[in-house]
Amino acid sequence: MSNHDVALVAAGQSKFGKRTEAGLRNLVFEATKELFLKAENISKDDIDATVIGVAGDEFNGQGAPAAVSIDEIGLVGKPTIRVESACATGTAAIKTAYGLVKSGLHDTVLVIGVEKMTAVTTGKATELMARAGDIRWEYPFGCTFPGFYALLATAHMEKYGTTREMLSSVAVKNHYYGARNPKAHLQKEVTLEQAMNSHPIAHPLNLYDCSLISDGAAAVVVTRADLAKKYTDTPVYIKGIGSGSDTMQIAQRETLTSLKGAKTAAQTAYKMAGIGPNAVDLAEVHDCFTIAEIIAYEDLGFAEPGQGGQLALDKQTYIGGKVAVNVDGGLKSKGHPLGATGVSQGAEIFRQLRGEVEKERQVPGAEIGLSHNVGQSGQFVNVIIYGR
Amino acid sequence: MTKFGYVSVEDYVPLVGEFAESLVKGKIFATKCKACGKEYFPPREECICLNDEMEKIDLDTSAKLVSYTIIHVPPESHSTMAPYIIAIGEFPNGLKTMAHLVGVTSMDDLKIGRPMKLVPQTLENERIVYKFVPA
């Protein structure tokens, strides 16, 4: 089989945000309903199995979230599996579906990523995410999730001279595009001044350096390439997948200015796809914090090590620049419902490569899209390359 | 029995118990694999070479600052403590760990590479922790 024998043929996404009126199951419903409404020639009957990505049960209290999800959308009786890789859960779910399809075990798999996070207070959510650090040697010191990335930011600023303004430039861009995405959590632009002067969360990161705590779901259908044209005239193929990992304790990393797992994932995915970073038209990168997007530019080869901040400052990651990055608002403005994020990246690339997104944020003629999804502070990384 | 950390969620395991009792006596130990010689700090009961015969060794507690953050918005469990500095320090043997850095008074004291020392600190409620202090 060639490398390009698995395809996406449909995608859907719920509105991201603080969805007080919607539970986990309702978010699943919303994304799935949109998927089938927008799909050209595929129905529920074509689905052989589901893969459900949910990062944490504690946020909404529902155990066995895959079971409640397939019950909600009427796919009971067909095989299902729940996947978890912290914030990289969504791409782990797509990767699992890829394996199921490529192995021949199933022909057509519905992948849903979902997280219902706002049922708990922000303090409680911060607490739960802090427990994704080592509970024996990191959690006892009260290191928050922003804290882990702040440790990377301090090191990056020290080594490369990355500035406050460079960090905030990422926030300004992502809010600019998020303001143009009707599915985004926070649809408003921010000025560089506002972004630079917001209140501190974990020095050197402030409020506008941090992604949002959101509710949301996203869904895609993954199938065999030789069946894809039956379902749509314009499938989007999975051309490459790479993954990597890193030490549990952040202190024990070889470097704090790069994510080793992301570099490995990118190299593997590029090699499988037979392309390099210059071929990427748009990238969905894991900007859980502004520093994470800057490091992503470097790990993915869009910029040399240490030059990621300058790339942001020079507006080279807007549409029309070197590579369009997070033109749906990214985790920063679109929102970051953990399990949904990686699937939403895939859904966004699916729509971008088919020329279907809002006109003012459509990347003209995009043929190659890259999804970069990071779990915790680099313990899990998946990179998926999609092409028409 | 004295517990380790400002807070903890894990069931209390023997190694961490011994480590906390040792801190009470002012001693900070690392562990070393008897098979491959790999050293660990914080200490581990098992080595990545899959051997579980470890010996305790003294840690040279002098360290240099590798990176830091100041937590302004803490998790629920640390809600009364913020702001606090979390630092990563590197010891002479190359091992690194995370701990609070206490006793600095200005940002000028937070230069990367600055010398520090890891010391035990007794807390309320029969808890103990290690922290970095300026050296």
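The model is predicted.

**Overall form of chain A**

Chain A contains 13 helices and 12 strands. Its radius of gyration is 19 Å, close to the 21 Å that the globule rule gives for 388 residues, so chain A is as compact as a globular protein of that length. Along the principal axes, the C-alpha atoms of chain A occupy a box of roughly 55 × 45 × 35 Å. Of the 388 residues in chain A, 65% count as buried. Among the contacts of chain A between residues at least 6 apart in sequence, 77% link residues at least 24 apart.

**Helix 6 and helix 10 of chain A**

Helix 6 (residues 164–178) and helix 10 (residues 290–299) of chain A have axes that come within 8 Å and cross at roughly 95 degrees. The two helices of chain A are therefore roughly perpendicular to each other, since angles from 65 to 115 degrees are classed in this way. On the side of helix 6 of chain A, the contact is made by Met166(A), Leu167(A), Val170(A), Ala171(A), Lys173(A) and Asn174(A). Helix 10 of chain A contributes Thr290(A), Ile291(A), Glu293(A), Ile294(A) and Tyr297(A). By type, the residues of this contact divide into 7 nonpolar, 2 polar and 2 charged.

Helix 10 of chain A is mostly covered, with 10 of its 10 residues buried. The buried residues of this helix include Glu293(A), Glu298(A) and Asp299(A), as well as Ile291(A), Ile294(A) and Tyr297(A). Just after helix 10 of chain A, Gly301(A) adopts a positive phi of about 85 degrees.

**Strand 7 of chain B and its partners**

Strand 7 (residues 96–101) of chain B is mostly covered, and 6 of its 6 residues are buried. Strand 6 of chain B runs antiparallel to strand 7 of chain B, and 5 bridges join them. Within this part of chain B, Lys96(B) of strand 7 is the bridge partner of Glu90(B). The hairpin formed by strand 6 and strand 7 of chain B has 5 residues between the strands, and Gly94(B) in this hairpin takes a positive phi near 90 degrees. Strand 7 of chain B also pairs with strand 9 (residues 127–134) of chain B, in the parallel sense and over 2 bridges. There, Phe132(B) of strand 9 is the bridge partner of Leu101(B).

**Backbone features in loops**

Most residues other than glycine have a negative phi, and most peptide bonds are trans. The table lists departures from these patterns.

| Site | Feature | Value |
|---|---|---|
| His203(A) and Pro204(A) | cis peptide bond | omega about 5 degrees |
| Ala82(B) and Pro83(B) | cis peptide bond | omega about 0 degrees |
| Ala64(A) | positive phi, not a glycine | phi about 45 degrees |
| Lys315(A) | positive phi, not a glycine | phi about 55 degrees |

Pro204(A) lies in the loop between strand 5 (200–203) and strand 6 (205–206) of chain A. In chain B, the loop between strand 5 (62–71) and strand 6 (84–90) holds Pro83(B).

Ala64(A) is located in the loop between strand 2 (49–53) and helix 2 (65–72) of chain A. With a relative accessibility of 52%, Ala64(A) counts as exposed, because the cut-off for exposed is over 50%. Lys315(A) belongs to the loop between helix 11 (308–313) and strand 10 (324–325) of chain A. Lys315(A) has a relative accessible area of 49% and is partly exposed.

Technical notes
Residues are numbered from 1 along each chain as its sequence is written. Chains are lettered from A and ligands numbered from 1 in the order in which they are written. This is a predicted model: local features need pLDDT of at least 70, side-chain atom pairs count only at pLDDT 80 or more; totals for chains, interfaces and linings use all residues. Side-chain values use heavy atoms; hydrogens and water are left out. Axes are lines fitted to C-alpha atoms, for helices over the stretch in contact, and angles run from 0 to 180 degrees between N-to-C directions. Helices (H or I, at least four residues) and strands (E, at least two) are DSSP runs, numbered from the N terminus. Angles under 35 degrees count as roughly parallel, over 145 as roughly antiparallel, 65 to 115 as roughly perpendicular and the rest as oblique. Contact means heavy atoms within 4.5 Å. Ala, Val, Leu, Ile, Met, Phe, Trp, Tyr, Cys and Pro count as nonpolar, Asp, Glu, Lys and Arg as charged, and the others, Gly among them, as polar. Buried means under 20% relative accessible area, exposed over 50%, partly exposed in between (1.4 Å probe, protein chains only). Two strands pair if DSSP finds at least two bridges between them. The radius of gyration is taken over C-alpha atoms; the globule rule is 2.2 Å times the number of residues to the power 0.38.
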